[in-house]
Structure formats: structure tokens, C-alpha cells
Amino acid sequence: MRVSKAFIPTLKEVPAEAEIASHKLMLRAGLIRKLASGLYTYLPVGWRFIRKIEAIVREEMDRAGALELVMPQLQPIELWEQSGRAKIMGREMMRLNDRNERPFVLGPTHEEIITNLAANEIRSYKQLPKNYYQIATKFRDEIRPRFGVMRAREFIMKDAYSFDATDAGANLSYKAMYEAYTRIFHRCGLDAVPVEADTGAMGGSSSHEFMVPASVGEDQMVRCSDCGYSANLEKAECVAENPSELTGDRTALQPREVLTPGQKTIEQVAAFLKVQPCDLIKTLIYEADGKATAVLIRGDHEVNEVKLKNILGCEELSLANAEVIESVTGGPLGFSGPVGLKNVPLVADISVMSMKVGATGANKADTHLMDVQPGKDFTPLKTADLRVAKDQDICPRCGKKVTLSWGIEVGHCFKLGTKYSQAFNATYLDENGKEQIMIMGCYGIGVTRTAASVIEVHNDKDGIIFPYSVAPYHIALLNLNPSVTPMTEYCEKLYNEFQALGYEVLYDDRDERPGFKFKDADLLGLPIRVTVGERNFNQEMVEVVRRSNKESVLVSQGELIATLSKIKEDLLKELC
RNA sequence: CGGGGCGUGGCACAGCUGGCUAGCGCGCAUGGUUUGGGACCAUGAGGUCGCCGGUUCGAAUCCGGCCGCCCCGACCA
């Protein structure tokens, strides 16, 4: 492509709306333009980039035996009512009616559609397993779209759905996708970390998220560099910490009331009682599906509501208001405690139960209890891991320390089990002619988010640094002075020659000053730059620069092709 | 949905407590000089000041409503 004929509207200034590197650069390099919040046009170069990623995804999905198809974006809402997700995903779905006022949604995902298809088409175990995938637009009415295409309302996703006859088969399907994902992200130049995840609204038994470590990520993960344990924050397991060292015999201690006027928060109470937050037992009153429940957590910890939900087996979970707290505990908000608490189920985090002694609310205004001993002064109905993991926590697998970091979720694999196949009666006849329910899995990759992640990870102060594998073009060919005829003839020759050799070339043939072309080339970030300028041309030399490290070599015209293939090889090797 | 901020040529911004033909830089067009890191000179095009209403002799500026955009939070496959 000749730059003079192309549409690459680069910007010298940073648009005010962009906050993070990838968003700024995608706008500045002329990859995308915004139509409205969370809605973007992919301009020609941006679209080439997306298609490169799609091609890798396609290759690896095909290699893993998945079958590509395309499903409608516009979907009758009945299917969503059938699965029960019309309510669950209610506000997130874009809804609209047709001319007959029949309700439709713009598909945020396609479990319902594909399961409906499988239910209609698959009859026999002989047709299983099957894995269908598509690369298509998804619509989600995000509460807060942000960071350009990182969290958009309309975006491209690769979604795959596996159907198996047996659990063992489903596990194999899952494993094949897990491996395909590992390869895909790697080939895109991303170090995506697979982390254990909660299945959330998707349902199912287990899942992994693929996270690209990045400070601008919207998700948090816990990782152990020692044993490799990794999980997202919702899922990350915690172990009871060693109880604080205590001297002497405490068994004789009895809870004693102390006045703590107006001291409600953990910080206030800890400071007032001259103890550490970890010496406090925080008591939170939740309403689980409308039923009040007391939850105990150490003062310096936070409740992980996903874990709590799973332990309680409830759908809806929220903190109770002051009236409920008063009616359940007899005391005002801020002074709840487990001692003497009746008529309400009590669940405790394991770290609370490993405390020797602690301070907690007395269920009485302006009063706390000190010297409370878990297990002696109160006994919870259930003790479980209920807290949010923290940086430097003990690794639940190997006992070393974990680290907490931010990441961008670019992919997600779920074992769905039979949640959807049951709802849509997706059954088959087994070898014995007996009807069985199919076992499903689903697997998503945010293609456009992956694109943003690639740029988020690969850039410098001058612009994007495209990995060779996904670069919109491989070579930026710069003709520094198109008015010099022999040089331009040489550039034309190179342009054709490179393409004949399979390189995708962006030829800057514009009548612009050299500096202008260099800046644009750096901003756009194609992996290899070939510069033809008079100074070197007269010596029959050409300059070749790698965008990644700005390493420049001056080679004779005769060596050029060999140099390029060497660099290409190097750049591809970096991805392996 | 709560909190905060913003809306002025394509981009980035100035325009103070109400006052002149609404300005600067970048970009764009034309001509010329330039040609290895976003050149220079000259000329020029381009603006319903987000929209609607109000106050006023007079509103980009003050007031009200609406819309849009961004950030924080809640929320979220």
C-alpha cells in the first residue's frame, strides 16, 4: 500500500478523551475513530490489525478441530427467557422490538442460540463431540464503557461452544481450547496468564481466565511465582494465617465490655482500643436472598462476596441496612458482634477462627467487647474461606508468598456442564439408545480487546511497536525524497520486490519532509523500517531499522533482502 | 445509578466579574523556498460557541432544562 493512496489519519496531538496508552495510540496512529461512547469504527490499518489477530485465532481454532459458523446478532428474546438469563443479564442486553412489537435482543453472547441449534440438529452420540465457533460482533450495554475498544459496547469476540457425550470428553474439549488459547495469545505477542476463575453468571463447574498482566487492567489476579498457582481475585483461595503469638494462659479470659463512644469503623476502634486492625473481629450483617446472615471477618480483611455467595448458596447478596441490623443484633450499625448473637446464622472466615483472642462489637451502642475467644465465646454455624486475597498472602498450594497484580481479561474458558443443554433439551441417544444430556463448554476471546492489549503491552514514547505476527504491514518503506528520480525508481523496485517475496509493505511515497515520515513510521510502529535516503543511496546503501529496539543497520543494496529475512526470522523467534 | 469534570473550525485549547468584526497553535488549500527526525514565508478556506428555553438594549459568557463526552465509584461472562 502506498501511503499517498492510503487512509491513515495520524494525529500529532493526543485526543482529550483517551486515558491509556493503547487508546491514545489507536486514535493517534489512525487505527480507530469513535462514533459514540463504546462504539468505534476500525479504519483500514486498524482493521488489518484485527484481521491478523482473527487469522491466528482461526488457525488455532481450526487446528483444535473447532468448526466455524456465524450466528445472528439479532435474537428473539424467547431463547433468553428459556434459559432464564433474560433476567440475569437483563440490563446488560440491548433490547429492541421489530415492527410487530416482538421483542428481540442484540446478542451479548450466543449460548442460547448455539444450544438451540445443537438441540435441533444433534441426535446421536455418533455426531459428538462437536465444537462450533464464530468470530462476530457482540453487543453489551456496559454500565461504563471505557479505554477505547478495551471495554466497548460493540466489540468483536471469538466464541466457541463444545458439546460432548461424556464428562471425560468434555474435559478433553476444554483442554484442547485451553491449549489453543495458550498458543493464540502467545502468537499475538502476549504473555497471557491462565488463572482459575469463578464461573459467575455463566454457571458451570470450573473456568480459567486468560489475563494479560498490565497496570491498566480492570481485573486482579493472585499468582505464586514459586509453584505457579494463579487465580483471579474472586476465586483466589486464602489459608488461615498463623495466629498471633500469645504468651501465658488465656483460657481464663472472659469477654469484657469497654465503652467506645462513636467509634464505628475498624480504624477508629483499633486506634481507640490501641490494638491492630487484625486484632478485631469485624461483624457484617448480610441479606442472602432476603435472609439476614452474620459474617465474621478479621478487621484487616475484606469479605469476598463471591465466596460468600457460593458458601451460602444464594442468588442475591447485599449488606443489610441499619434497621435490619438493629432488629437482628439488638444494637446499632457499627457495633455488631458474634457474642450472644441469636436468631441469625453465623458464618466465619477461617482467619477469625484461628485468632486466639480479639475485640468485637457488643451489639450495644458505643460498646465493644475485648478478650473475645473464637470457639469459646461464640461458635459459627460454618467456617470457611470468605475473604479477599491480598498481596503477600500465603500461597494456598505451596505455602510461599503470592503477589497480587492487575490484568486484562482477554479470554475465558468455562466448563458449562448441562445448564444450557438442559434448558434447551439438547439431548442425544447413546450407544444403548438411551437419551442423554449433552455436556457443554464455552470459550471466548475478546478479539478487539486482545488488539488493545497488544498495543498496551507493546509501545514506547514514540508509538506502537507491532509484533511481527499481527502487524498490519510488515515493512515501512520510506522514500525520503520522491523528487529524486533514480531513488524513487529504486524504491518502486523494492516495493514490488518485497511484495513478491511475501512481505506486506507500506510504502511512504508522500512528498513530505523526512522527519514527518519518521514520526509517522514510529507512531504506526511497523516492525521493520527500510529507509531510502540520498546520502546512503549514493553509496548504494540502505538503512534497515527494527522498530522494537530502534537497532539500525546500514547494508548494501545487494544484502538488503537477506538482511530482511534475517530480521523477520528474529522477530518471529521472539514470539516463540 | 451516585460523585466530579467538560462541551468554542478536523485536533488541542484561550476567551476573567456580561461588551467590539470569537482568538491562538497544529492540521487543511494554493504558491514559493526547503528535504535524514513532525520545516519556513505568503495568501486563503473553515465556527448554528452541544441543543432548547429564560434574564438582558445586548449572551460563547448569567440562569433553568435536556443531550453528549470523560474520570472515580457501584456494577459486570
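Reply: In this predicted model, the domain assignment divides chain A into domain 1 (21–214 + 417–455), domain 2 (256–384) and domain 3 (473–573). Between the C-alpha centres of domain 2 and domain 3 there is a distance of 67 Å.

The charged pairs come first. Across the whole structure, 42 salt bridges are found. One of them joins the side chains of Arg85 and Glu112, with an N to O distance of 2.8 Å. Arg85 belongs to helix 4 (residues 85–88) and Glu112 to helix 5 (residues 111–121), so this pair ties together parts that are 27 residues apart in sequence. Both partners, Arg85 and Glu112, are buried.

A further salt bridge is formed by Glu142 and Arg151, whose closest N and O atoms are 3.0 Å apart. Glu142 has a relative accessible area of 15% and is therefore buried, since the limit for that class is under 20%.

Asp522 and Lys550 also form a salt bridge, and here the closest N and O atoms are 3.8 Å apart. The pair ties together parts that are 28 residues apart in sequence, because Asp522 lies in helix 14 (residues 514–524) whereas Lys550 lies in the loop between strand 30 (541–546) and strand 31 (552–556). The two partners may also be described by their accessibility. Asp522 is buried, with a relative accessible area of 13%, while Lys550, at 35% relative accessibility, counts as partly exposed. Asp522 and Lys550 are also members of one network, in which salt bridges with shared partners join them to Lys461, Asp462, Arg529 and Glu543.

The aromatic rings may be considered next. The count of aromatic pairs comes to eleven. Among them is the pair of Tyr42 and Trp47, with 6.2 Å from centre to centre and 50 degrees between the planes, a tilted arrangement. Tyr42 counts as buried at 19% relative accessibility, whereas Trp47 has a relative accessible area of 32% and is partly exposed.

Phe185 and Phe210 make another such pair: their ring centres are 5.7 Å apart and their planes stand at 35 degrees, so this pair is tilted. Since Phe185 lies in helix 6 (residues 167–187) and Phe210 in strand 10 (residues 206–213), the contact ties together parts that are 25 residues apart in sequence. Phe185 is buried at 1% relative accessibility, and Phe210 is likewise buried, at 1%. Ring pairs also link Phe185 and Phe210 with Tyr178 and Tyr181 in a cluster.

Arg48 lies over the face of Tyr473, 4.0 Å from the ring centre. In the other, the charged end of Lys415 sits over the ring of Tyr174, at 5.1 Å from its centre.

Key: Residues are numbered from 1 along each chain as its sequence is written. Chains are lettered from A and ligands numbered from 1 in the order in which they are written. This is a predicted model: local features need pLDDT of at least 70, side-chain atom pairs count only at pLDDT 80 or more; totals for chains, interfaces and linings use all residues. Side-chain values use heavy atoms; hydrogens and water are left out. A salt bridge is a side-chain nitrogen of Lys or Arg within 4 Å of a carboxyl oxygen of Asp or Glu. Helices (H or I, at least four residues) and strands (E, at least two) are DSSP runs, numbered from the N terminus. Buried means under 20% relative accessible area, exposed over 50%, partly exposed in between (1.4 Å probe, protein chains only). Domain bounds come from an automatic or database domain assignment. Rings of Phe, Tyr and Trp (its six-membered ring) pair if their centres lie within 6.5 Å; planes under 30 degrees apart count as stacked, over 60 as edge-to-face and the rest as tilted. A charge sits over a ring if NZ of Lys or CZ of Arg is within 6 Å of the ring centre and within 35 degrees of the ring normal.
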